[in-house]
Amino acid sequence: MALLFLRLGCTSFGGPAAHVALMEAEVVVRRKWVTREEFLDLFAATNLIPGPNSTEMAIHLGYRRAGTPGLVAAGVCFILPAALITAGFAIAYQRLRTLPALEGLLYGLKPAMLSIVLAAMARLVLPRKKDLLFLSLGLAAAAASVLGVNEIGVLFGGAALGAMGAGWKKPPEKPPSDTNTKNTGSSAAALLGPVAASVATTGGKLLPLGLFFLKVGSVLYGSGYVLIALLRAGLVTERGWLTEAELLDAVAIGQFTPGPVLSTATFIGYLIEGPAGAAVATLAIFLPSFVFVRASAPLLPKMRAAPRLAGLLDGAAAASLGLLAAATIALGRGALVDVPAWLILAAALPVAMQPKINATWIVVGGALAGLAVRGALGHLP
């Protein structure tokens with residue numbers, strides 16, 4: 001399980017929608033660790049709590065597979081590659097004061113990741129094709145998101161409507177098993193140790209830096225634009241630790257690298273306080289996700305067993321899929337920029353629909369195809 005999430009952390013390009021799609025392909029389709037219904041419940045839960053959705057999905061799946069040790073292992077393994085890669089970019093950036101050109105690599109990755117997202121959405125929606133309320137909520141959520149309605153309002157509105165329509169979906173005959181989460185021996189409070197120990201014993205900017213990113217990780221809802229607004233207000237305007245240009249470069253690196261976008265914190269921490277700052281910022285921004293998942297995960301089987309709460313989960317799941325569909329539209333606009341990109345998508349999509357094929361090969365194949373196309377057209381940076 002740890003090796004799986006380490007690999008996903010190295011290959012998960014394309015943002016949260018693509019990350020969740022890769023996890024669905026691996027843990028639902030290929031390994032059958034959870035059912036599609038359980039996966040949707042976990043996806044709904046990650047949207048109902050603050051923090052990065054894809055990271056929290058990894059943490060939830062680790063907890064479902066191996067209790068609290070699995071929660072820690074899955075989360076750390078998914079986050080670590082992005083943090084290390086981002087730290088490497090931060091070291092280079094501090095010396096060169098510029099970003100390496102990565103557009104050539106991303107050209108083929110984007111349509112390949114789009115194919116994985118479309119395949120995952122098809123697998124998650126098709127089993128519900130006769131569930132009119134679920135489909136209606138999902139379509140309404142997608143339309144609202146495209147029209148610019150606040151994501152949090154869309155999500156909690158869907159959850160409320162699902163709870164009001166409790167009973168439209170029968171609960172499963174057997175509630176999702178929680179046997180792997182028993183006797184874990186550690187509490188969510190124990191997870192607070194690394195950051196608390198790091199920031200409490202150091203001076204300078206480390207303590208306020210750690211507390212700032214702990215706050216960001218605790219309240220972050222919505223898109224990457226919310227993250228940019230929080231970082232700009234706290235680090236550029238209020239404290240003056242970053243310039244506007246450095247902030248934009250940090251966000252760009254978070255978008256370019258695989259894994260969670262919140263690895264931006266690693267880059268920023270390094271610019272402000274070197275390696276110690278990178279470590280503290282990374283631990284602080286991701287720590288709330290571990291705590292929130294550890295606190296909420298044991299409640300999900302009980303919620304599924306209660307009709308009205310099960311309706312809330314179903315409504316949140318439908319709204320989450322609607323938001324995912326809206327994100328896919330935005331991803332498509334950025335990925336399908338010319339005819340070769342459409343051809344990469346057309347070639348990758350049938351492969352992505354095959355359950356026995358490892359999605360990592362689609363990522364690698366898309367990247368190689370993109371590099372070949374850009375090289376042939378003379379556009380490689």
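How many of the 381 residues of the protein chain count as buried? The share is 52%, where buried means under 20% relative accessible area, exposed over 50% and partly exposed in between (1.4 Å probe, protein chains only). The structure is a predicted model, in which local features need pLDDT of at least 70 and side-chain atom pairs count only at pLDDT 80 or more, while totals for chains, interfaces and linings use all residues. Residues are numbered from 1 along each chain as its sequence is written, and side-chain values use heavy atoms, with hydrogens and water left out.

The protein chain holds 16 helices and 0 strands. Both kinds of element are DSSP runs numbered from the N terminus, helices being H or I with at least four residues and strands E with at least two. Contact means heavy atoms within 4.5 Å. Among contacts between residues at least 6 apart in sequence, 76% join residues at least 24 apart.

Now to the helix pairs. Two packed helices are described by the angle between their axes and the distance between the axes. Axes are lines fitted to C-alpha atoms, for helices over the stretch in contact, and angles run from 0 to 180 degrees between N-to-C directions.

Leu-4, Phe-5, Arg-7, Leu-8 and Thr-11 of α1 meet Leu-22, Met-23, Glu-26, Val-27 and Arg-30 of α2. By class, this contact has 6 nonpolar, 1 polar and 3 charged residues. Here Ala, Val, Leu, Ile, Met, Phe, Trp, Tyr, Cys and Pro count as nonpolar, Asp, Glu, Lys and Arg as charged, and the others, Gly among them, as polar.

The loop between α2 and α3 contains Lys-32. Most residues other than glycine have a negative phi. Lys-32, although not a glycine, has a positive phi of about 55°, and its 63% relative accessibility makes it count as exposed.

What of helix α3 (residues 36-48)? At 1.5 Å a residue, its 13 residues should span 18 Å, and its end C-alpha atoms are 18 Å apart, which agrees; the expected span is 1.5 Å times one less than the number of residues. Because 11 of its 13 residues are buried, α3 is largely enclosed by the rest of the structure. Among the buried residues are Phe-39, Leu-40, Asp-41 and Phe-43.

Helix α4 (residues 53-96) packs with helix α12 (residues 264-296) at an angle of about 165°, their axes 10 Å apart, so α4 and α12 are roughly antiparallel to each other. This crossing is right-handed, and its contact has 18 nonpolar, 10 polar and 2 charged residues. Val-72 lies in α4 and counts as partly exposed, at 30% relative accessibility.

Finally, the axes of helix α7 (residues 151-164) and helix α14 (residues 307-335) come within 6 Å and cross at roughly 145°, in a right-handed crossing. Those making the contact include Gly-158 and Gly-162 of α7 and Gly-311 and Gly-315 of α14. The contact residues divide into 9 nonpolar, 5 polar and 2 charged.

Note on methods. Left-handed = near helix turned anticlockwise from the far one by under 90°. Parallel < 35°, antiparallel > 145°, perpendicular 65-115°, else oblique.
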